[in-house]
Amino acid sequence: MKRLLRNGLRNSRLQHAVGFLAAEYLRLVWRTNRLSIDPPGVYGLVETQMPAIFAFWHGQHLMAPFIKTKPDYRAKVLISLHRDGEFNAIAAQRLGIGTVRGSGDHGSAFNRKGGVSAFMEMARCLGQGYNMALTADVPKRSRIAGLGVIMLARETGRPIMPFAMATSRFIRLNNWDRTTINLPFGRCALVGGEIMSVPPDADAEIMEKLRAQLEASLNEATRKAYAQVGRPDEAGDEAGHG
């Protein structure tokens, strides 16, 4: 049965159908949730520094394509090579977001998961004027920022914009990253953290300091986002399941 299911998930037509339905469902969620943005002028701040690296937590990825609020924003997102990533990639492309396939994990599986080629492709995209969006935490280590985002900023000279998105109505899965399935007809908050930069000559000590700063900024943005949609206890629930 598992083998049959795996084979079904690899079927191209099924993948496109699921990706199409997911994109249209998320569009419904976006259109039926009342949006608040904090700080109100955050787009004005980051626009002057684009292309930028947009960082967010695993599990909060479903609404991430909607940070692209203007047609002239050029954006791509990092999506894993895992078969589940196919659905995400198809949905993202339907929502007007390009994709880079690979892993943000800079651990022992970096080469095997396409990390090197993905890192180089993200750097090229930023050089071509695309904003890059990627998760700050690496697989199986939820809400603990890795060095991938910091390394990308150091190598490209592009700023980092940490952000969080939350809706008042959702279903939370009991998986490693506590994936949030956002629901329609509620409230949505987009919260931006402080824009960060990484010096091109940053050593290991500075890199670790900035990694911790990014982690703290994302946790604070997540806390604010849930508070703004009337669910202040949910940010702590997410953080407690890393």
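Helices here are DSSP runs of H or I with at least four residues, numbered from the N terminus. The model is a predicted one, so local features need pLDDT of at least 70 and side-chain atom pairs count only at pLDDT 80 or more, while totals for chains, interfaces and linings use all residues. Residues are numbered from 1 along each chain as its sequence is written, and side-chain values use heavy atoms, with hydrogens and water left out.

Take helix 6 (residues 148-156) and helix 7 (residues 204-228) to start with: their axes come within 9 Å and cross at roughly 120°. Axes are lines fitted to C-alpha atoms over the stretch in contact, with angles from 0 to 180 degrees between N-to-C directions. The pair is therefore oblique, the label left for angles that are not under 35 degrees (roughly parallel), over 145 (roughly antiparallel) or 65 to 115 (roughly perpendicular). Touching residues (heavy atoms within 4.5 Å) are Val 149, Ile 150, Met 151 and Arg 154 of helix 6, plus Met 207, Leu 210, Arg 211 and Leu 214 of helix 7.

Now for the charged side chains. A salt bridge puts a side-chain nitrogen of Lys or Arg within 4 Å of a carboxyl oxygen of Asp or Glu, and the count comes to twelve. One of them joins Arg 211 to Glu 208, with the closest N and O atoms 3.0 Å apart. These two sit three residues apart in helix 7, so about one helical turn separates them. Arg 211 is buried at 15% relative accessible area, whereas Glu 208 is partly exposed at 38%; buried means under 20%, exposed over 50% and partly exposed in between, using a 1.4 Å probe and protein chains only. Arg 154 also pairs up, with Glu 155 at 3.3 Å between the closest N and O atoms.
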